[in-house]
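The tour below goes stop by stop.

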Amino acid sequence: MAMITHGNHRERLKSSIFTATLFVSLAIWSTLSAQSMTAGKSARGDWATIRARISEWGDVHLFSDTTEALKGSNLVFNWDSDSDLLTSFNAWLREKGLTCIAYNEETWIVVAYADAERSLEAWNRRNKLLEAISAQPSDQVSATVIGAIQSGEAAKGQLTLTGIVRDEETGETIIGATIIPQQGGDPTVSDVDGTFTLQLPVGENRLTVQSIGMEEKEIPIVMAGEGELDVFLHRASLQLEEVVVSEKAADQNLRSLTMGIEQLNMKEIAKLPAFLGEFDVIKSLISLPGVSTAGEGVGGINVRGGNIDQNLIIQDDIIYFNPSHALGFFSLFHPDLVDDVKLFKGNIPAKYGGRLSSVLSTGMRTGSKEEWTIKAGLGIMSSKLALEGPLVNNKTSIILGGRISYINWILGLVNLPDVQDSRVSFSDFQGKLDHRLNNKSSIGLEGYQGSDYLRFANEARFNYGTRSLAAYYNTLIGNRANLNTKLIYGNYYSDLGDLKILNPSVFKTGIEYVKGRSELVFQKNQRATWVGGFEATRYQVNPGILGPDNDESVVVKEETPREQGIEGALYLETEQRFSDLFSFSAGLRFSGFILQGPKRVRNYAGPDQLYDEATDTTSYAKGATVASYFGLEPRVSMNYRMNETSSLKLGATRTYQYLSLISNTVAATPVDFWKLADSYLKPQRADGISLGYYRNFKNNEWETSAEVYYKVLQNVPEYRDFPDLLGNEFLETELVPAEGQNYGLELSIKKNLGLLTGRLSYTYSRAIRRVNTGIPELDVNRGGWYPSYFDKPHDITTLLNFNIMQRLSLNVSFTYSSGRPITAPTGKYTDWHVVSVPIYSDRNQYRIPDYYRMDVSANLFPGYRKDRRLKSSWSLSVYNLLGRKNAYSIYFRQKPFQSLSTYRLAVLGSIFPSITYNLEW
């Protein structure tokens, strides 16, 4: 494209009459001049020569390179001076497939003839952008220009803007910040990396950026092309009037597609009454509808009636097989290092798999790349420390955290000799190193190590631990795609020792894995997102080694061979928002599992003789395929926005689970170990459907919801009566496949704003099982339905927060739930009038007493003075305010020549006050 400028310039005749005697000469000169004008002007040569000549005739000069059509050195342009220069120039250009547009009185644009209309439109857009940039009033904030403005063209239509939202003080990325375009378009929320993507029109725009605890920011921009914009937010200071800023849209519960998702931030968790002064990620989930636990002193959670092992618990894709410290009283997540908490208990996204009930996904914070910060907490039971800061400013950061417990002094105050002789302790350490390669890419390392030790008097000891290490690479591809790749190693071990004086023994078990995954997120526009990826995990499981605990013990070592297996998956999912009223999500996950040798597999005569003597044994070499399973896992969810205050959601999910937790609940201290699917233990499968209605009131101040769900399970491992599990290489003789049904109703009402906030939830949940193999000796309860071990029909949870002032809050929580099922003796018979033998009921036909507990706490949060470097806070809590002796279990014991006795075990039967002092500088 060429651009020239034209100004009116006319030749003026200058002549002088020297003498009257030269009249004839003057007449001749005038005649020759007239002939020259009639003949016109001619320019020959290359374009530069022609341009120079035209410049003489019309004050024209070239601003940019010419097109291929004007290349060459033999160009000829003739202009009849009696005609218009533009008309003649256009006639000459037309022969070469070009034309000349009169943009205004002083500017002509040389373009291809076919592109004349489009090019003029592009030039007009460019001119408007330049005017928008240069014509801003001096008293306004200058607009940021996104993209480059080309000399002859400007972008049109919708443009993609990407960026990262950061804390201006620490440089840390902000999750859940809301970016709202004021000139139209859908708002968006920053993801787990703080990144966001918007589709904006060409020209002037204005963005509003909001995040909880941060000052709202207005950003004027001019979209000239696609590009990037990093947003830095100030921390909010105290205001006389309440200003509510949320990290998610106020009506996010109505907009979101996924059903049964609960998202908590650490500020919300910090307001919950905490056991022994430390707020806890796992314990905070119990306040949510559909989430429960078997009782105090039990690690893990039960979601919608599912087993403990049916929950996938991850932090940045690192798997944790035991997420608890001190037998469930603390979680392994350091509260000052956790970034966000999401619990998927209904529809599980296609990116997750391997579990039937739920996914608990947490993320570790990335350390600040701007300044160093130290946080410390001193409590009566444990202390914690966190450190973060830049190793290289704006490039490399590190965050480290550790905790240590000193609970034993409390045990010494209990007036029970066995308790005074017991010991409990735990410690953990974790950290993350992050390096920013450029504005689009980063790499890093993340690690964790934790250990627990418990000794009950001189009877038993229990120690376990977790180690993990992960490396990751994140990069932005173009402006719309994000690639995340990770390689992870993890190891969980558990040792249970019997400390009896004669022949003490120890049972060791564990699971080790290596995992690789890569995921690509592509946001086509604000209404369409695609997520695809793959993952592969290699497991090595130690089902158990039973051996002597010291050199004097004569216990014979029994070792169950290790198991090896590979689990893999490919997945693709899309989220489409067809309109403001209807959105749709569909995903497909293809998963598989291969059990590898070495392994011995027994062969039996037939299904009806499965647990009789084996006919022979097949041995598989190392690396050989013993058993393999594959399955498709579709995921679908829909959201219909009925109006501005209500929505209706529907979802369906299929999931497979290829490893199971085998629990010997008969023992005084339960012994758990993991077991891979094999030739007889088939993968578990669940098909679930859920329906929910959501309604907000008073401008989203109140949120209400009602969800119903129904799930069908297959191949859930159940136990034969009085199973022999420890050290048993052939567990198919003790396990039987069960089918199951989980169904229920969840009601919730939540108040988000005001001096009083909180939640009231009620859950009706049933989880029933049936073992009907057709073999009477194997069937449970004669093949009929019975409650599962975690069936708790009624659950009520209340949480109230009294926000007395910005820094002070009082919190009260109350929990009630039905007692879980047990199997109890209903009679006895006497053998030879000497030995009394109990007669037990059908499985799980009785229940322990109902559970209820009230906790209270007061939190004094840090001040908000920016010039104050040292900040402190206090947390005072009372756990089990009513002193309720809730039963963990009811068990039965019979001493020689005595009747059967019933015992009620209450792990925490007293009031537990605590106080914690936190420092930050």
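A salt bridge here is a side-chain nitrogen of Lys or Arg within 4 Å of a carboxyl oxygen of Asp or Glu. This is a predicted model, where local features need pLDDT of at least 70 and side-chain atom pairs count only at pLDDT 80 or more, while totals for chains, interfaces and linings use all residues. Residues are numbered from 1 along each chain as its sequence is written, and side-chain values use heavy atoms, with hydrogens and water left out.

**Stop 1**

Select Asp687 and Arg654. They form a salt bridge, with the closest N and O atoms 2.5 Å apart. Strands (E, at least two residues) and helices (H or I, at least four) are DSSP runs, numbered from the N terminus. Asp687 lies in strand E42 (residues 684–697) and Arg654 in strand E39 (residues 646–657), so this pair links distant parts of the chain, 33 residues apart. For burial, the cut-offs are relative accessible area under 20% for buried, over 50% for exposed, and partly exposed in between (1.4 Å probe, protein chains only). Asp687 is partly exposed at 23%. Arg654 is partly exposed too, at 23%.

**Stop 2**

Now select Lys599 and Glu563. Their side chains meet in a salt bridge of 3.3 Å, N to O. Lys599 belongs to strand E36 (residues 599–603) and Glu563 to strand E34 (residues 563–577), 36 residues apart. Are these two residues buried or exposed? Lys599 is buried at 17% relative accessible area. Glu563 is buried at 3%.

Move on to Arg600. Its salt bridge partner is Glu729, with the closest N and O atoms 2.7 Å apart. Arg600 is in strand E36, while Glu729 is in the loop between E43 and E44; the two are 129 residues apart. Glu729 is buried, at 19% relative accessible area. Arg600 is partly exposed, at 42%.

**Stop 3: a salt-bridge network**

Select Asp317, Lys351, Lys486, Arg517, Glu519, Glu535 and Arg589 together. Salt bridges link them in a network. How many salt bridges does the structure hold? The count is 29.

**Stop 4: aromatic rings**

A pair of aromatic rings is described by the distance of the centres and the angle of the planes. Rings of Phe, Tyr and Trp (its six-membered ring) pair if their centres lie within 6.5 Å; planes under 30 degrees apart count as stacked, over 60 as edge-to-face and the rest as tilted. By this rule there are 19 aromatic pairs. Select Tyr710 and Tyr743 for one of them: a tilted pair, 6.5 Å centre to centre, with 35° between the planes. Tyr710 sits in strand E43 (residues 702–719) and Tyr743 in strand E44 (residues 735–751), 33 residues apart. Tyr710 is partly exposed at 35% relative accessibility. Tyr743 is partly exposed at 27%.

Next, select Tyr789 and Phe790. Their ring centres are 5.1 Å apart and their planes stand at 90°, so the pair is edge-to-face. Is Phe790 buried or exposed? Phe790 is buried, at 13% relative accessible area. Tyr789 is partly exposed, at 30%.

Then pick Tyr320, Phe333 and Tyr448. They form one aromatic cluster.

**Stop 5: charges over rings**

A charge sits over a ring if NZ of Lys or CZ of Arg is within 6 Å of the ring centre and within 35 degrees of the ring normal. Select Arg602 and Phe730. The charged end of Arg602 sits over the Phe730 ring, 4.0 Å from its centre. Select Lys649 and Tyr694. Here the charged end of Lys649 sits over the Tyr694 ring, 4.4 Å from its centre.

**Stop 6: a nonpolar patch**

Patches are made of residues with over 30% relative accessible area and no salt bridge: like charges are joined within 9 Å, nonpolar side chains (Val, Leu, Ile, Met, Phe, Trp, Tyr) within 5 Å. Accessible areas come from the Shrake-Rupley method with a 1.4 Å probe; for residues, only the protein chains shown count as cover. Select Trp372, Leu387, Leu391, Val392, Leu433, Leu445, Leu469, Leu487, Tyr489 and Val514: they make a nonpolar surface patch of about 850 Å². Strand E25 (382–392) and strand E30 (481–498) each give two or more residues. The largest share, 3 residues, comes from E25. Val392 lies in that strand, E25, and is partly exposed at 43%.

**Last stop: the whole chain**

Zoom out. The protein chain has 9 helices and 57 strands. Buried residues make up 50% of its 921 residues.
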